[in-house]
Amino acid sequence: MHPALHCPGIAMNLILLGADDLTAQDHARVTDPRRLRHLREVHRANVGDEMTLGVEGGLIGRGRLERLDADSAEFSLTLDRQPPAPLDVHLLLALPRPRMLARSLEHVTALGVKHITLLHTRRVEKSYWQSPELKEDKIRQHLVLGLEQARDTIMPTVTHEKLFKPFVEDRLPALMTPASGTPPRGIIAHPGMPDECPRAVREPVILAIGPEGGFVDYEVEKFMAAGFEGVHLGERILRVETAVTALLARLG
Ligand code: SAH
């Protein structure tokens with residue numbers, strides 16, 4: 001299990017409910033050890049307390065703790081608000097090492113990204129694709145932590161692209177020229193590019209971020225050929241999780 005799931009200090013600003021937790025439209029029962037422990041140890045919750053809850057894929061609102069015992073917590077719910085607006089950025093993230101991936105997933109989810117593509121590039125360690133951190137349930141744990149942190153309920157999608165060339169040649173053009181809606185602006189972050197990363201971009205963005213070793217020239221050229229702009233973030237070279245956070249904050 002990811003250490004954050006044991007760490008009582010981590011914020012859970014929203015208790016994310018699954019459809020299974022709902023016992024009625026306005027009532028929920030939480031039985032899993034992670035959320036129960038969190039309620040006790042971090043919220044130090046008592047019957048009668050009010051907290052923020054949300055239903056995965058749906059509304060957020062308030063919940064009143066009606067019962068708390070060893071193996072369940074019961075809430076009465078008033079779900080009346082939309083989750084925060086998503087960030088219209090599709091992230092193409094060269095697969096970083098597992099711990100960096102875990103943290104990056106939490107950050108980008110908290111910042112509102114809804115589409116994440118994990119991409120193989122020349123400088124991605126091949127063994128990372130075999131990491132248990134890439135299993136669906138592991139990825140989901142990090143996405144849940146990001147959603148809870150930001151009081152969001154809309155789960156991002158995560159796609160794996162283990163072959164660079166077929167992705168950039170065959171699938172990226174379709175992402176760049178969608179059948180409907182505004183075509184996105186393609187942006188590749190690469191130190192040393194002449195242009196600065198733009199700020200507060202209004203149109204949808206597809207953002208490519210390299211692995212710890214960076215993109216190789218061939219990859220940068222492929223993205224440019226697909227219509228991407230190369231941008232830098234200043235002369236400081238940031239680690240992946242910092243770069244992704246700085247870039248999203250600047251674009252959003
Ligand atoms: N040694 C690599 C740096 C990799 S940092 C190199 O020189 O290319 C990992 C990724 O974070 C980079 O591929 C890039 O996408 C992003 N990044 C980090 N610092 C950046 C900066 N100052 N400008 C643009 N992108 C940056």
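The model is predicted, so local features need pLDDT of at least 70 and side-chain atom pairs count only at pLDDT 80 or more, while totals for chains, interfaces and linings use all residues. Residues are numbered from 1 along each chain as its sequence is written, and side-chain values use heavy atoms, with hydrogens and water left out.

We can start with the ligand. Around it stand 18 residues, and the closest are Ala 189, Gly 210, Leu 233, Arg 236 and Leu 238; a residue is near the ligand if one of its heavy atoms lies within 4 Å of it. This shell divides into 10 nonpolar, 6 polar and 2 charged residues. In this grouping, Ala, Val, Leu, Ile, Met, Phe, Trp, Tyr, Cys and Pro are nonpolar, Asp, Glu, Lys and Arg are charged, and the others, Gly among them, are polar. Strand S13 (229-232) and helix H6 (240-251) each supply at least two shell residues; helices (H or I, at least four residues) and strands (E, at least two) are DSSP runs, numbered from the N terminus.

Next comes the core. In soluble globular proteins, nonpolar side chains tend to be buried together. The largest nonpolar core here has 38 residues, of which Leu 91, Leu 118, Leu 207, Ile 209 and Leu 248 touch the most other members. Such a core is a set of buried Ala, Val, Leu, Ile, Met, Phe, Trp, Tyr and Cys residues joined through side-chain atoms within 4.5 Å. Its largest share, 6 residues, comes from H6.

Finally, helix H1 (residues 33-41) has Arg 34, Arg 35, Leu 36, His 38 and Leu 39 buried, that is, under 20% relative accessible area (1.4 Å probe, protein chains only). Glu 148, found in helix H3, is also buried, with a relative accessible area of 1%. The side chains of Glu 148 and Arg 34 make a polar contact at 2.7 Å (a pair of N or O atoms within 3.5 Å; within protein, one must be able to donate a hydrogen and the other to accept it, and residues adjacent in sequence count only if both atoms are side-chain atoms).

Terms used: Buried means under 20% relative accessible area, exposed over 50%, partly exposed in between (1.4 Å probe, protein chains only).
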